[in-house]
Amino acid sequence: MLLLRCTIFTRVANFCRKVLNRESVETAPEDRRPLTIIPRDQHSISRKEISENALKVLYRLNKAGYEAYLVGGGVRDLLLGKKPKDFDITTSATPEQMRKLFRNCRLVGRRFRLAHVMFGPEIIEVATFRGHHQVLEPEEGAAGAALTGHNGMLLRDNIFGSIEEDAQRRDFSVNSLYYSVADFTLRDYTGGLKDLREGTIRLIGDPETRYREDPVRMLRAVRFAAKLDMTISRETAEPIPRLAALLHDIPPARLFEEALKLLQAGYGEATYRLLCEYQLFQPLFPLISRNFTEHGDSYMEQMVIRVLANTDQRLRNDMRVNPAFLFAAMLWYPLLEHAQKLTQESGLSYFDAFSLAMNDILDEQCRTLAIPKRLTALMRDMWQLQLRLSRRQGKRAHKLMEHPKFRAAYDLLTLRADVENNAELQRLSRWWGEFQVAAPPRQKNMLTTLGDDAPARARPRRPRRRAPNRDNA
């Protein structure tokens, strides 16, 4: 028994010695700049523009003796005169202290431990000041150290620190500005205010190291540049094409969420062009990028630009958008090409080949973006309806209009007609557009006068059953 205890003690001591003797490796060289404190009369942020619930959290944390600041995109947008979508807070309180302080608080996240303070539908996200960490490999992971993968990617990082360290650990300088309700000052540790005024997206620290820690930062750089109409600084942009393949290591579920932020937030067309420029589109949509042409003028590429522009326009008009429609339109031409290939190679009927092609296209796309089944089911409906929209005789037109995804399928048909400039598709699109709003007598007339546009199929005559030959009975 004594020998067993000694053995366990020795192993624990050796592990602790190994951890303590390991050289402390910071995630990136510090981007130290003189702290700039901007007093209330020299910045444009007013408490009137901040969520009341965010203010409640800030005041309670301050009253309890903790440092607390509004930080990130909320501060950035307020300085730009925009209305923030949400308000994030950073504090010296740990997640456990937050849970004790707020009954309406829940802790979330494994990779980064966060506190969500719930106020009905509004969630105020609160993070503890993050500190520099000591890097441990996955098999050596221990409490109090960050966990990294084989390529330097952070798998878990719950190291707490000071506000100065927290500023260095943030991604971009324009997101590293801190607003205090204690004295109404703005604190800038990384030159973010200067970058904001100059319209520059600059990564804090060594860009290659930071991208290897979290490759999604490359997507975020592009997203902020498109959203804020800013320019990515030279040193921040340089490693991106070289490291774009690191996105293959990101879980498809996380990439799906990032894709929605990139393409369905009102600036999708500009984001798409930047993604292509920095070679980031291929890891997200390999099916599309492998068919890019030299001049970018194929039907597929025109469709991608057109559907993104339409999505941006709908969002500007406060209209609803559905990611299923966006993905169905973007993948329509890869689907067509694959269906035609299967028809030629397998000898299947086109309808059977089309069904198999839908499965193949969705399976391959979901390997990079984990599109949920509720969306892929809608995509299938829209695709299948494209084959049925030309068949309008009899009661078919009315039955098609009753389909839940008819309107989305019609919109996709209209996009196809515009992209291909095809007279037959344009005629079909105009017919459906008029038929939807026509009165019943007019609809009946439209169905009986389809003419050459859609020749009615002759109803096959049922073979006459012959009476049995009584002589042979």
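Arginine 416 sits in helix H21, which spans residues 406-420; helices here are DSSP runs of H or I with at least four residues, numbered from the N terminus. This is a predicted model, in which local features need pLDDT of at least 70 and side-chain atom pairs count only at pLDDT 80 or more, while totals for chains, interfaces and linings use all residues. Residues are numbered from 1 along each chain as its sequence is written, and side-chain values use heavy atoms, with hydrogens and water left out.

Arginine 416 is buried yet has no salt bridge, and the nearest side chain of opposite charge, glutamate 420, is 4.4 Å away. Buried means under 20% relative accessible area, exposed over 50%, and partly exposed in between, with a 1.4 Å probe and protein chains only. A salt bridge requires a side-chain nitrogen of Lys or Arg within 4 Å of a carboxyl oxygen of Asp or Glu.

| Salt bridge | Closest N and O atoms |
|---|---|
| Aspartate 77 and arginine 76 | 3.1 Å |
| Arginine 273 and glutamate 269 | 3.0 Å |
| Glutamate 434 and arginine 442 | 2.6 Å |

Salt bridges that share partners also join Glu208, Arg212, Glu238 and Arg242 into one network.

The surroundings of the tabulated pairs can be described in turn. Aspartate 77 and arginine 76 are both buried. Arginine 273 and glutamate 269 are 4 residues apart in helix H12 (residues 268-277), which means that about one helical turn separates them; arginine 273 is partly exposed at 45% relative accessibility, and glutamate 269 is partly exposed at 24%. Glutamate 434 is partly exposed with a relative accessible area of 36%, and arginine 442 counts as partly exposed at 37%.

On the surface, Lys56, Arg60, Lys63 and Arg103 gather in a patch of positive charge; patches are made of residues with over 30% relative accessible area and no salt bridge, like charges being joined within 9 Å and nonpolar side chains (Val, Leu, Ile, Met, Phe, Trp, Tyr) within 5 Å. Of these residues, lysine 63 belongs to helix H2 (residues 52-63) and is exposed, with a relative accessible area of 79%.

How values were computed
Areas by Shrake-Rupley, 256 points an atom, 1.4 Å probe, with all protein chains shown as cover. Lys, Arg positive; Asp, Glu negative; His and termini not counted. Charge placed at Lys NZ, Arg CZ, Asp CG, Glu CD. Helix = DSSP H or I, 4+ residues; strand = E, 2+ residues; numbered from the N terminus.
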